[in-house]
Amino acid sequence: GTIAELTDHRMHCALRHVICVHCALAVKYTHVKKHLNTECWRVELGCTYCGQMVRREDFEQHCATVCTQYVVSCQHEHLGCSFRHSRAEVKKHLVDECLFNKVVILANRFNRELLQIGHKAQTTGFPYLNLAMKELVSGATSQVNINATIGSHFHNHRSRKALVVALINVFGCPLEYDVEYHNVSFLFYPANNYPHVLLCSLASDYPNEPPVLYLLSLVYTSGPQDFWSNVRARLKEFQFNPSWGQENVAAVVRQKVINSQLQFEKVCNASQRQQAQA
């Protein structure tokens, strides 16, 4: 073709390169729309949370640190606070409501107020926080100490709760368990059809300490006073690893109970004979 035709083609060629008005990169004409929609780091986007115009290159940082409507967790989530809302609401929550934030602020200064908060924690669904408060006021406190103490109690409380849930999945509806998940009991009928109660006792620092298991026979107990003491067999220590998942622990507990039933019946029969001879 002619030079004029070539010049016109170069101006309208779909494969020609054009300069992005935002980032000054050379982009193929056919890719301009894709470049602007997904690639150009200088293009301003409307934040989907707060509506503010933000460059694409700054969008992630905007959501992570600035956006008032971006949904975040309370900064004390690692201590057990479950509040999750917009950044603006979380900021208000920290000032007005967050029990954990009050603990961290007060722990260095006001032991009396700290114990009051611990009592409130006990009655509002955070019993492990009350234990942490008692531990903190009994020794020197620091920011690191505060977070480590509460975090440790929260971890242990969560582990005890998870094991109780796992045991419920294995043994069914419990007879009783306490809000701190230190003790849980189940009524069950082993192969010999004698009704039994299994009591699982968990130390405050579980899973660092293994569960303690008791089997009680309802057949051989004679009254409320000796229900927990007259005919009680503490199962011997069983193989336990603190790193196990709680479902694995529950399965090991179940197997230990099954393996101990015959031995336990011998204990109960011996106790019955002693009572008859007395």
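A contact here means that heavy atoms of two residues come within 4.5 Å. With that in mind, consider Gln246, which lies in helix α9 and touches Ser159, Ala162, Leu163, Ala166 and Tyr206, leaving aside residues up to four places away in sequence. Gln246 is buried, with a relative accessible area of 12%, where buried stands for under 20% relative accessible area, exposed for over 50%, and partly exposed for what lies in between (1.4 Å probe, protein chains only).

Residues are numbered from 1 along each chain as its sequence is written, and side-chain values use heavy atoms, with hydrogens and water left out. The model is predicted, and for that reason local features need pLDDT of at least 70 and side-chain atom pairs count only at pLDDT 80 or more, whereas totals for chains, interfaces and linings use all residues. The pLDDT is the predictor's confidence in each residue, from 0 to 100; its mean over the chain is 76, and 67% of the residues reach 70 or more. Over residues 221-233 the pLDDT is below 50, although this stretch has 25 contacts in the model beyond near neighbours in sequence.

We turn next to the interior. A nonpolar core is a set of buried Ala, Val, Leu, Ile, Met, Phe, Trp, Tyr and Cys residues joined through side-chain atoms within 4.5 Å. The largest such core has 20 residues, and those with the most contacts inside it are Leu163, Leu167, Phe171, Leu198, Val253 and Val257. At least two residues of this core come from each of α8 (143-171), β8 (183-188), β9 (196-201), β10 (212-217) and α9 (246-277), helices (H or I, at least four residues) and strands (E, at least two) being DSSP runs numbered from the N terminus. Helix α8 gives the most, with five residues. A second, separate core of eleven residues includes Cys74, Leu79, Cys98 and Phe100.

Strand β9 is mostly covered, since five of its six residues are buried. Strands β8 and β9 run antiparallel and are joined by six bridges, two strands being paired if DSSP finds at least two bridges between them; Ser185, for instance, has Leu199 in β9 as its bridge partner.

Finally, there are two salt bridges in the whole structure, each a side-chain nitrogen of Lys or Arg within 4 Å of a carboxyl oxygen of Asp or Glu. Arg42 bonds in this way with Glu57, the closest N and O atoms being 3.2 Å apart. Arg42 lies in the loop between α2 (32-39) and β3 (44-46) and Glu57 in helix α3 (residues 56-66), so the pair ties together parts that are 15 residues apart in sequence. Glu57 also meets Arg55 in a salt bridge (3.5 Å, N to O), and the shared partners join Arg42, Arg55 and Glu57 into one network.
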